[in-house]
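This briefing is intended for reading alongside the sequence and the three-dimensional model. Please keep both in view while working through the points.

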Amino acid sequence: NIVLLSHSGVGKTTLAESLAFASGAAQRRGSVGEGSTASDYDEEEIARRQSIFVSLLRLGHAGKTVNLLDTPGTLDFTGELVSGVYAADAALVLVSAVAGVETGTVRCWDIAGARSLPRAIFLNRMDRENANFAKALESCRAAFGEGCVPVQLPIGAHTTFSGLVDLIADKAYHYG
């Protein structure tokens, strides 16, 4: 059980949709803007274009089931976020490559830490204007310590973002 955590609007639901689609758990990739995501299914969530409740997406990978818990990032719904953390075995904390660590990011990190969950950081939004991997990584290190070490590096940023280099596998992946 992996809980997705972040400051509001960093892309948890979009990542969950992409992972569900890539794993074959979904036939299409839903859109928050269109109100067609699997995890934001409540009428109020669709109208607001944001998560209000924690939701579960079941994915298959390598013969195993991975449960993704998509949580709200807005402070108003912290109870839902905490519920997701209590059901999780690990946390994936999303950080915007544009904004870096934000107040909600620190709150999420601390809530997961209070439960002693293993945490990994996912730098999101490398395809956005003003995305800066080095600056976002430095904000992670300033907030969470020098133990924040990349295992992947992006290839390009914004309009030139085209893939990543997996430092563990020593392999580059180019998209589209």
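The structure is a predicted model. Helix α5 covers residues 133-144, and helix α1 covers residues 12-23. The sheet described here is open and has 3 strands.

**Helix α5**

- Helix α5 has 12 residues and reaches 16 Å from its first C-alpha to its last, close to the 16 Å expected at 1.5 Å a residue.
- Its buried residues are F133, A136, L137, S139, C140 and F144. Viewed down the axis of α5, these buried residues fall within an arc of 155 degrees, so they line one face of the helix.
- An α-helix has 3.6 residues a turn, so residues three or four places apart point the same way.
- A134, K135 and A142, on the other side of α5, are exposed.
- The cover over the buried residues of α5 includes strands β4 (90-96), β5 (119-124) and β6 (152-155), together with helix α4 (103-114).

**The two ends of α5**

- At the start of α5, a side-chain oxygen of N132 lies within 3.2 Å of the backbone nitrogen of A134.
- Just after α5 comes G145, which takes a positive phi of about 110 degrees.

**Helix α1**

- Helix α1 also has 12 residues. From its first C-alpha to its last, α1 reaches 16 Å, close to the 16 Å expected at 1.5 Å a residue.
- The buried residues in α1 are K12, T13, L15, A16, E17 and A20.
- G24 follows α1, and its phi is positive, near 90 degrees.

- β6 and β8 (171-174) are the edge strands, and each pairs on one side only. The twist averages 20 degrees from one strand to the next.
- Strands of a sheet pair through backbone hydrogen bonds, either parallel or antiparallel.
- Strand β7 (residues 163-166) is joined to β8 by 4 bridges, and the two run antiparallel. Opposite G163 stands H174 in β8.

Definitions and conventions
Residues are numbered from 1 along each chain as its sequence is written. This is a predicted model: local features need pLDDT of at least 70, side-chain atom pairs count only at pLDDT 80 or more; totals for chains, interfaces and linings use all residues. Side-chain values use heavy atoms; hydrogens and water are left out. The expected span of a helix is 1.5 Å times one less than its number of residues. Buried means under 20% relative accessible area, exposed over 50%, partly exposed in between (1.4 Å probe, protein chains only). The arc is that of the directions from the helix axis to the C-beta atoms. Contact means heavy atoms within 4.5 Å. A polar contact is a pair of N or O atoms within 3.5 Å; within protein, one must be able to donate a hydrogen and the other to accept it, and residues adjacent in sequence count only if both atoms are side-chain atoms. Two strands pair if DSSP finds at least two bridges between them. Axes are lines fitted to C-alpha atoms, for helices over the stretch in contact, and angles run from 0 to 180 degrees between N-to-C directions.
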